[in-house]
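Here's a quick walk through one protein model, from its overall make-up down to a few side-chain details. Have a look at the fold before reading on.

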Amino acid sequence: MAKSQSASLDRKKLLGDPIMVTTIAVLIVFLTVFILYPLAILLVDSFISDNGFTLDTFKRVMALSNFRRAITNTLKVGFLVGIASALIGLLFAYVEVYVKLRTRFMSGLFKVVSMLPVVSPPFVLSLSMIMLFGKAGIITRFLLHIYDNSVYGFWGIAIVQTLTFFPVCYMMLKGLLKNIDPSLEEAARDMGASRFKVFMTVTLPLILPGLGNAFLVTFIESIADFANPMIIGGSYDTLATTIYLQITGAYDKEGAAAMAVVLLAITLVMFIVQKYYLEAKSTATLSGKASRERMLITDKSVTVPLTVLCSALAIFVILMYICVPFGAMFKTWGYDFHLTLKWFGLVFSRYKGFKAFKDSFILSLISAPITALLSMIISYLVVKRKFRSKGFIEAVSMLAMAVPGTVLGIGYIRGFSGGLFGSGILQGLYGTGTILVIVFIVRSLPTGTRSGISALRQIDKSIEESAYDMGADSFKVFMTVTLPLIKDSFLSGFVTSFVRSITAISAIILLVTPSYLLITVQINEFAEKGSYGIACAFASILIVITYGSVLIMNLVIKYFGTSRKVKLED
């Protein structure tokens with residue numbers, strides 16, 4: 001009874017606040033038009049024809065041998081990358097949390113490795129792999145004298161994706177391991193169990209849901225990845241590249257839509273299991289923080305092999321990233337290693353580098369603050385407000401995490417170059433910079449929203465309620481009380497959105513027109529042609545931009561972030 005009265009009171013407050021009602025309505029329209037509608041159009045294209053409901057498009061697509069092969073290839077790569085990334089991530093997390101590291105260098109090395117995939121273009125390691133281990137690779141050709149080595153195909157994609165995605169698993173599992181109460185493991189040790197047995201019988205069962213969660217996140221990232229299979233896949237087709245080639249090579253929009261639905265179905269199933277089962281189970285298994293500090297392992301028989309293995313992997317990953325700027329400074333990779341700046345010069349003199357960086361920078365800079373603000377508004381509504389459509393807003397804003405970029409790109413092509421809006425105002429968006437900004441916003445929205453929800457859950461209700469009691473409306477409370485308290489999350493969301501936008505490729509490669517030149521599309525184009533000097537020059541400048549953005553954000557948060565005097569209670 002009390003709950004229903006409270007809910008009724010909340011609804012009355014909401015209806016009496018026109019700014020809040022308008023905000024909710026605008027959000028619902030935005031999420032429906034730019035997330036649900038393109039996906040719905042894909043389903044309509046796939047199942048509906050002039051004669052009504054039909055499965056003919058799916059039958060035609062499934063009869064294509066290259067599509068059936070692409071499904072098998074994608075699942076094989078996804079499972080291998082998911083397992084390998086989760087295991088390597090667990091190794092790194094275990095070493096950092098359980099092992100006494102002798103120097104700060106190791107901890108710093110781990111932090112660098114964990115940050116690299118976030119701030120780097122998604123295909124940097126593919127370029128490095130080709131330049132180090134390809135037919136003209138430094139390691140294969142000049143050190144090992146192997147002249148016919150091919151890095152293209154299954155193993156090339158699997159290795160590159162594993163090295164790209166394992167830091168994500170490392171960050172997820174590090175938090176879980178820190179939350180394990182040390183007394184549980186020490187009790188087993190006191191009863192005579194070896195460290196290995198303690199790990200297998202106590203630690204592993206506790207983090208198993210989290211390990212499964214890490215596997216599924218990586219699996220989804222792997223099967224949705226477009227850039228790496230495009231550059232290093234060779235003739236090894238995956239679903240993402242097959243969809244792209246179906247629409248750009250075969251000009252088969254209906255077939256591409258059906259393929260996109262298949263890929264979307266796989267990622268959605270995995271996302272639902274990961275989000276609503278494993279993530280919740282992991283939180284329930286490890287609730288709260290460790291009761292006391294853990295006694296770190298100092299036994300050299302354990303510490304030495306583990307730290308050496310992790311250090312070797314971390315240094316190898318960093319060297320692969322360093323390989324890219326060197327690729328831009330050698331005259332001819334694999335043949336002439338004299339240093340030169342000619343590739344950087346050609347980027348700006350012949351290949352319209354200024355336009356590419358200007359277009360990418362401006363579009364990303366426009367999308368970043370909008371994404372950060374939208375994320376905070378959605379987070380605020382989800383955490384602090386009660387209304388009927390709250391679940392819809394949260395679910396749809398998070399849905400973009402499960403939608404592969406290629407699928408979203410096909411949906412936008414089908415939805416905004418035809419579809420319901422074929423002759424309306426929204427058709428004018430197709431082929432413009434606005435549609436690219438909207439895609440950037442939609443792709444980055446889930447990350448910012450998750451960050452905002454975590455930050456808002458730490459703010460005591462009484463802080464905002466006192467402002468309401470003094471007569472402030474919801475807009476004023478949000479702008480003057482809530483937003484200043486979560487400005488660290490806002491700034492983080494701003495920079496994360498900027499970095500994700502300027503390094504994006506899978507969704508926008510299908511939507512970009514000759515009117516706009518984007519850096520990632522240029523890198524992909526030159527890498528496909530084998531012009532690695534130009535591709536590396538573009539990638540090197542892009543890495544400098546993204547790293548610079550993150551460093552600036554850290555400085556801003558350090559000096560202008562939320563004051564430490566403000567106490568945020570649970």
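The accessible surface of the chain comes to about 26,400 Å², and 65% of that belongs to carbon and sulfur atoms; areas here come from the Shrake-Rupley method with a 1.4 Å probe, and for residues only the protein chains shown count as cover. Keep in mind that this is a predicted model, where local features need pLDDT of at least 70, side-chain atom pairs count only at pLDDT 80 or more, and totals for chains, interfaces and linings use all residues. Residues are numbered from 1 along each chain as its sequence is written, and side-chain values use heavy atoms, with hydrogens and water left out.

The chain has 24 helices and four strands (DSSP runs numbered from the N terminus: H or I of at least four residues for helices, E of at least two for strands). Of its 570 residues, 52% are buried (under 20% relative accessible area; exposed is over 50%, partly exposed in between, with a 1.4 Å probe and protein chains only). Look at contacts (heavy atoms within 4.5 Å) between residues at least 6 apart in sequence, and 80% of them join residues at least 24 apart.

Lys 100 is 197 residues away in sequence, yet the C-alpha atoms are 5.7 Å apart. Beyond four places in sequence, Ile 297 also touches Tyr 94, Tyr 98 and Arg 195, among others.

On to the rings: the whole structure has 23 aromatic pairs (Phe, Tyr or Trp rings, the six-membered one for Trp, with centres within 6.5 Å; planes under 30 degrees apart are stacked, over 60 edge-to-face, the rest tilted). Two of them are set out here.

| Pair | Centre to centre | Plane angle | Type |
|---|---|---|---|
| Phe 47 and Phe 58 | 4.8 Å | 40° | tilted |
| Phe 92 and Phe 166 | 5.1 Å | 45° | tilted |

Phe 92 in helix α4 and Phe 166 in helix α8 are 74 residues apart, and both are buried. Phe 47, by contrast, is partly exposed at 23%, while Phe 58 counts as buried at 15%.
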